[in-house]
Amino acid sequence: MTTNFISCTKEQTLREVIPMFTQTHSNILPVVDETHKLIGIITKNKMLRVLATQPSFDSKIEQFYNNQPIFLSPTIDIEETRTLLLRHNVGHAPVVNDDMIPIGLVSTKQLLWSYNVVYSQLSSVLDFAYDAIILVNQRAEITMVNKGFTDLFGLNSKDVLNQSTTYLFPELEIENVIKTGISILNTPQLIEAQQTLISILPIKENGEVVSAICKVTYRGLTHLHEALSKVKKLEKQLSDYQHEISEMKGTKYTFIDIAGESESIKKIKYEATLASKSMSTVLIIGESGTGKELFAQGIHASSKQIGSFVQVNCAAIPPELLESEFFGYTDGAFTGAKKGGKKGKFELAQNGTIFLDEIGDMSLSLQAKILRVLQEKEFQPIGSSKSIHLNTKIIAATNQNIEKLVAEGKFREDLYYRLNIMRLNIPPLRERIEDLPDIIQAIVQRLNQSGFYVRGVTHSALQKLMKHSWPGNIRELHNVLERAANIKSGDYIDSEHIADFIPTVKEQKSKNLSSPSTSTYQDTIQSTEKDLILLAMKEANGNKTKASKILGISRPWLYSKLKKYNIE
């Protein structure tokens with residue numbers, strides 16, 4: 001907007017107002033009241049029409065001005081401004097503050113100029129860029145492309161502008177990023193027989209993805225890999241240092257091992273850090289495979305407890321052994337007792353942390369004894385009359401609906417309240433899918449530590465993984481990647497190394513309800529498509545460039561289809 005403007009009042013005469021238009025470049029004057037608030041506008045065109053009627057120059061403009069003007073807020077964006085002006089067929093509009101006082105003027109000419117300047121500057125920047133870059137709209141149609149991109153694919157800009165990347169460059173899978181709103185950074189992929197790194201950044205307005213920028217790095221990869229390797233080396237040194245501290249306290253993991261930067265996981269990590277600062281009990285709730293043990297170990301590693309981390313799987317211990325496992329026993333406490341007695345889990349965790357995993361499977365009788373330990377802060381080994389004072393942090397976890405267990409009488413309400421002081425609700429993987437790239441990288445590092453050699457996953461593999469719902473959460477993801485690491489032939493895990501996922505019952509029902517005949521329809525289309533490509537390749541004697549011209553499609557699109565249908 002321009003802030004160089006003149007206002008007038010409805011009490012002023014034509015004689016006073018007409019000269020004002022010669023003092024400004026604008027075609028409108030805001031009309032204000034005695035408090036300087038906007039009450040209307042008067043336009044240059046209106047003044048010319050009035051003068052044609054030969055009025056008295058002493059006439060007040062009160063009878064000529066528009067008292068229902070279109071006006072704008074200074075916070076409105078350019079696109080919305082343009083739409084508003086075009087909808088009301090006006091070329092100018094005043095901009096007012098919260099008190100309705102004019103602070104500037106905007107014209108469609110200014111908007112057009114700003115668009116041209118921005119696009120011209122952006123186009124220059126893109127062409128100067130070393131990498132291949134495209135901008136796409138919400139429909140994944142290319143709105144801008146730089147020379148690096150056309151050079152990589154051997155195309156002209158006119159061949160790709162306003163075209164859908166879904167059909168021209170399906171290997172980029174930009175539409176999936178637009179759909180999910182999840183950024184992709186430096187994922188490797190072989191394109192046009194060249195090793196590349198793909199990054200896709202969704203651009204959002206009011207939380208909705210409106211466009212995206214895709215960068216394909218294919219020049220200077222050696223130097224980039226060296227820089228990334230140095231960063232990873234520094235990260236490993238920090239991780240090793242953290243693990244040294246962690247191992248001294250009997251744990252394998254710290255909070256640094258919990259991958260992800262989504263808002264949900266950052267919130268839980270923050271709450272877990274707070275939970276590690278006191279001796280209050282912690283209750284961790286989460287589906288199987290979400291990483292409850294990692295959080296428990298992270299809390300212990302961050303706590304002031306100098307003792308060991310002792311984990312007890314309440315579901316794995318036979319009911320008749322639960323009491324002796326928890327509290328231990330003295331020599332000769334019962335028939336078959338170990339000579340010299342045995343320390344229980346609570347005593348082993350003295351000055352440390354005890355992690356009661358699958359607490360929901362504990363018997364009611366043992367629940368009563370655990371409650372007594374929490375209340376009295378002491379316990380007695382079986383066969384002993386001597387009490388041991390407890391200085392142990394207690395963390396419990398379950399994948400069950402513990403409130404439902406309480407309501408059904410399967411879990412003591414008083415114990416539930418004792419445990420449910422610091423509660424951590426671990427989100428399932430499907431609710432923080434944006435963390436998937438970070439989690440994959442963490443799992444790959446662990447696989448390499450266990451004897452595998454995996455440099456990472458390719459872009460196509462990552463996109464395949466991101467489309468799965470992950471009912472088994474991170475544990476399922478680890479199993480999928482470990483299997484892929486076993487069967488891969490190169491340095492990277494590619495999409496072909498990842499087995500097709502079997503839809504869950506819920507997913508299958510949803511698919512059947514929404515499109516019962518989609519599968520047959522798609523099969524027919526793909527069969528026809530494959531036959532046409534085979535005919536074109538035969539006519540072109542195997543020349544892919546010639547075959548793409550026969551089919552009237554781009555070479556990248558043809559290459560992707562040849563790979564899809566395994567056509568040599």
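Me: What is pLDDT, and what is a contact?

Reply: pLDDT is the predictor's confidence in each residue, from 0 to 100, and a contact means heavy atoms within 4.5 Å. In this predicted model, local features need pLDDT of at least 70 and side-chain atom pairs count only at pLDDT 80 or more, while totals for chains, interfaces and linings use all residues. Residues are numbered from 1 along each chain as its sequence is written, and side-chain values use heavy atoms, leaving out hydrogens and water.

Me: Over which residues does pLDDT stay under 50?

Reply: That stretch is residues 513-519, for which the model has one contact beyond four places in sequence. The protein chain has a mean pLDDT of 84, with 85% of its residues at 70 or more.

Me: How many aromatic pairs does a search of the whole structure find?

Reply: Rings of Phe, Tyr and Trp (its six-membered ring) pair if their centres lie within 6.5 Å; planes under 30 degrees apart are stacked, over 60 edge-to-face, and the rest tilted. The search finds ten such pairs. One of them, F149 with F169, is edge-to-face, at 5.1 Å centre to centre and 90° between the planes.

Me: Is F149 buried or exposed?

Reply: Buried means under 20% relative accessible area, exposed over 50%, and partly exposed in between (1.4 Å probe, protein chains only). F149 is buried at 1%, and F169 is buried at 0%.

Me: Why is the pair of F153 and F169 called tilted?

Reply: Because their planes stand at 50°, with ring centres 4.5 Å apart. F153 is buried too.
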